[in-house]
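Visitor: Can you walk me through this one? Keep it quick, please.

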Amino acid sequence: MSENYTKPIPEPSIDSQPFWDALNEGRLVFQACGDCGKLRHYPRPICDECYSDHVEWKTSNGKGVIYSWTETHHPFHIGFRGETPYILVTAEFDGGVRIQTQLLDAKVEDLKIGMHVEVVLTKATEDLTLPLLRLA
Ligand SMILES: [Zn+2]
């Protein structure tokens, strides 16, 4: 991507800043409960299993499977104009955490639930790396 990036820029919170920092360092990480170990995403302050506020970060191997997808035809933001249609995938990673992001270089008619995907860390701006996906 380029310096002329026109899509919305995430605004990291105190909880999600380590997630975005790790992407910029070349790693996909997920929050893990520091007490029961349950992984979670999106980043948030409290474990929904045991209500602990102990937070750890685990590096993912970046490999997941397709949980669901949709093909987007309408550009809901001007930054996506000219890129439609594109495929948005909800992918499930180890520990059951899911992220929703764009699937690159695929045709919607070829997709199946459970297909293997891998993260492609994609530099959008100097300070923003996005975890996009491709078929593995
Ligand atoms: Zn917990």
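Guide: One term to begin with. Buried means under 20% relative accessible area, exposed means over 50%, and partly exposed is in between, with a 1.4 Å probe and protein chains only. By that scale Thr72 is buried, at 9% relative accessibility.

Visitor: What kind of model is it, and how are residues numbered?

Guide: This is a predicted model, where local features need pLDDT of at least 70, side-chain atom pairs count only at pLDDT 80 or more, and totals for chains, interfaces and linings use all residues. Residues are numbered from 1 along each chain as its sequence is written, and side-chain values use heavy atoms, with hydrogens and water left out.

Visitor: Back to Thr72. Where is Thr72 placed?

Guide: Thr72 is in strand β4. Helices (H or I, at least four residues) and strands (E, at least two) are DSSP runs, numbered from the N terminus.

Visitor: And what is Thr72 in contact with, leaving aside neighbours within four places in sequence?

Guide: Thr84, Pro85, Tyr86 and Leu88 are in contact with Thr72. Contact means heavy atoms within 4.5 Å.

Visitor: Now the big picture. Which domains is the chain divided into?

Guide: There is domain 1, residues 14-59, and domain 2, residues 61-136. The bounds come from an automatic or database domain assignment. Twelve residues from domain 1 and 16 residues from domain 2 take part in the contact.

Visitor: How far apart are the C-alpha centres of the two domains?

Guide: The centres of domain 1 and domain 2 are 21 Å apart.

Visitor: What area is buried between them?

Guide: About 980 Å² is buried between domain 1 and domain 2, and carbon and sulfur atoms give 71% of that area. Buried area is the accessible area (1.4 Å probe) that two parts lose on being put together, summed over both.

Visitor: Which three residues supply more than any other three on the domain 1 side?

Guide: Leu23, Asn24 and Leu28. They supply 44% of the area that domain 1 buries against domain 2.

Visitor: How many salt bridges and polar contacts cross that interface?

Guide: The rule finds zero salt bridges between domain 1 and domain 2. A salt bridge is a side-chain nitrogen of Lys or Arg within 4 Å of a carboxyl oxygen of Asp or Glu. Two residue pairs are in polar contact across the interface of domain 1 and domain 2, both at pLDDT 80 or more. A polar contact is a pair of N or O atoms within 3.5 Å; within protein, one must be able to donate a hydrogen and the other to accept it, and residues adjacent in sequence count only if both atoms are side-chain atoms.

Visitor: Which elements give two or more residues to the domain 1 side?

Guide: α1 (17-24) and β2 (39-40) do, on the side that touches domain 2. The largest share, four residues, comes from α1.

Visitor: New topic. How many salt bridges does the rule count?

Guide: The count comes to nine. One of them joins the side chains of Glu83 and Lys7, at 2.8 Å, N to O.

Visitor: Why does that pair tie together parts that are 76 residues apart in sequence?

Guide: Because Glu83 lies in the loop between β4 (63-72) and β5 (86-93), while Lys7 is in the segment before α1.

Visitor: What about Lys63 and Glu118?

Guide: Their side chains meet in a salt bridge, 3.6 Å from N to O. Lys63 lies in strand β4 and Glu118 in strand β7 (residues 116-125), so the pair ties together parts 55 residues apart in sequence. Lys63 is partly exposed, at 47% relative accessibility.

Visitor: Which residues do shared partners join into one network?

Guide: Lys38, Arg44, Asp48 and Glu49, through salt bridges.

Visitor: Last one. Where is Cys50 found, and what is in contact with it?

Guide: Cys50 is in the loop between β2 and β3 (55-59). Leaving aside neighbours within four places in sequence, Cys50 is in contact with Cys33, Asp35 and Cys36. At 33% relative accessibility, Cys50 is partly exposed.
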